[in-house]
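Me: I am new to this structure and would like to learn how to read it. Please show it, and then take the features one by one.

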Amino acid sequence: MQKVTGIGGVFFRAKAPQALSEWYERNLGVDITARTWVQQSGQTVFAPFSADTDYFGRPEQQWMLCFRVDDLEAMAAQLEGNGIAVIHKEDWDSEVGIFARIYDPEGNPIELWQPSAQSAVLGG
C-alpha cells in the first residue's frame with residue numbers, strides 16, 4: 001500500500017494573509033518567504049477530534065495548528081515579551097509532553113508542544 005510521507009503544506013484562509021504571514025515569522029520563526037518552511041524532523045500527530053470538542057476554543061473552529069518547540073518555557077517568555085498571551089493548563093499536559101496555547105491575530109488557536117523524552121516511544 002502506498003502511504004503519504006508527511007505533511008506537505010497547511011493552507012487556510014486569512015483576512016490579511018501578508019500581515020498574518022509576517023506575524024508567524026516574527027513571533028514563531030516560521031519563515032515562509034520562499035513559500036516553503038524547512039522544519040526539523042520529528043513527530044507529527046494527525047488526530048481527528050470529536051465534533052463537539054471544546055479543546056480548540058470556538059465551536060466553529062475546525063482545525064488547530066500544533067507546533068513542536070524545544071523549550072516551551074523560553075518560547076512562552078519570548079511570546080509574552082511580544083505582548084502575546086500564553087495559556088497553559090496543567091490538564092493539557094500528559095506523558096507525551098507539555099502544552100500551551102496562543103492565538104494568532106485572526107483568532108486561530110495555535111498549540112505549542114514540547115514533546116517528552118518518552119513521546120517518540122509512545123507514538124511508536
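Me: What share of the contacts with a separation of 6 or more comes from residues 24 or more positions apart?

Reply: A contact means heavy atoms within 4.5 Å. In the protein chain, 59% of the contacts with a separation of 6 or more are between residues 24 or more positions apart. This is a predicted model, in which local features need pLDDT of at least 70 and side-chain atom pairs count only at pLDDT 80 or more, while totals for chains, interfaces and linings use all residues. Residues are numbered from 1 along each chain as its sequence is written, and side-chain values use heavy atoms, with hydrogens and water left out.

Me: How many helices and strands does the protein chain have, and in what order do they run?

Reply: Helices (H or I, at least four residues) and strands (E, at least two) are DSSP runs, numbered from the N terminus. Here there are three helices and three strands. The order from the N terminus on is α-β-α-β-β-α. The radius of gyration is 15 Å, close to the 14 Å that the globule rule gives for 124 residues, so the protein chain is as compact as a globular protein of that length. That radius is taken over C-alpha atoms, and the globule rule is 2.2 Å times the number of residues to the power 0.38. Along the principal axes, the C-alpha atoms fill a box of roughly 40 × 40 × 30 Å.

Me: What percentage of the residues is buried?

Reply: Buried means under 20% relative accessible area, exposed means over 50%, and partly exposed is in between (1.4 Å probe, protein chains only). Of the 124 residues in the protein chain, 27% are buried. Accessible areas come from the Shrake-Rupley method with a 1.4 Å probe; for residues, only the protein chains shown count as cover. The protein chain exposes about 9100 Å², and carbon and sulfur atoms supply 53% of that area.

Me: Which residues of α2 are buried?

Reply: An α-helix has 3.6 residues a turn, so residues three or four places apart point the same way. In α2, the buried residues are L72, M75, A76 and L79. These residues cover an arc of only 100° around the axis, so they lie on the same side of α2. The arc is that of the directions from the helix axis to the C-beta atoms. E73 and G81 are exposed on the other side of α2. The cover over the buried residues of α2 includes α1, β2 and β3 (109-115).

Me: Which residues does W23 touch, leaving out those up to four places away in sequence?

Reply: W23 is in helix α1 and counts as buried, at 7% relative accessibility. With those neighbours left out, W23 touches L28, I84, I102, Y103, D104, P105 and I110. One of these, P105, is 82 residues from W23 along the chain, yet their C-alpha atoms are separated by 7.9 Å.

Me: How many salt bridges does the structure hold?

Reply: Side chains of opposite charge can pair when their charged atoms come close. The term salt bridge is used for a side-chain nitrogen of Lys or Arg within 4 Å of a carboxyl oxygen of Asp or Glu. The structure holds two. In one, R101 and E111 meet at 3.6 Å, N to O. This pair links distant parts of the chain, with R101 in strand β2 and E111 in strand β3, 10 residues apart. Both R101 and E111 are buried. The other salt bridge joins E60 and R58, with the closest N and O atoms 3.0 Å apart. E60 is exposed at 52% relative accessibility, whereas R58 is partly exposed at 35%.

Me: Which residues form a nonpolar patch on the surface?

Reply: Patches are made of residues with over 30% relative accessible area and no salt bridge; like charges are joined within 9 Å, and nonpolar side chains (Val, Leu, Ile, Met, Phe, Trp, Tyr) within 5 Å. Here I7, V10 and F12 form the nonpolar patch, with about 260 Å² of accessible area together. F12 is in the segment before α1 (17-28), and at 31% relative accessibility F12 counts as partly exposed.

Me: Where does N82 lie?

Reply: N82 is in the loop between α2 and β2 and is partly exposed, at 43% relative accessibility. Apart from neighbours within four places in sequence, N82 is in contact with R26 and N27.
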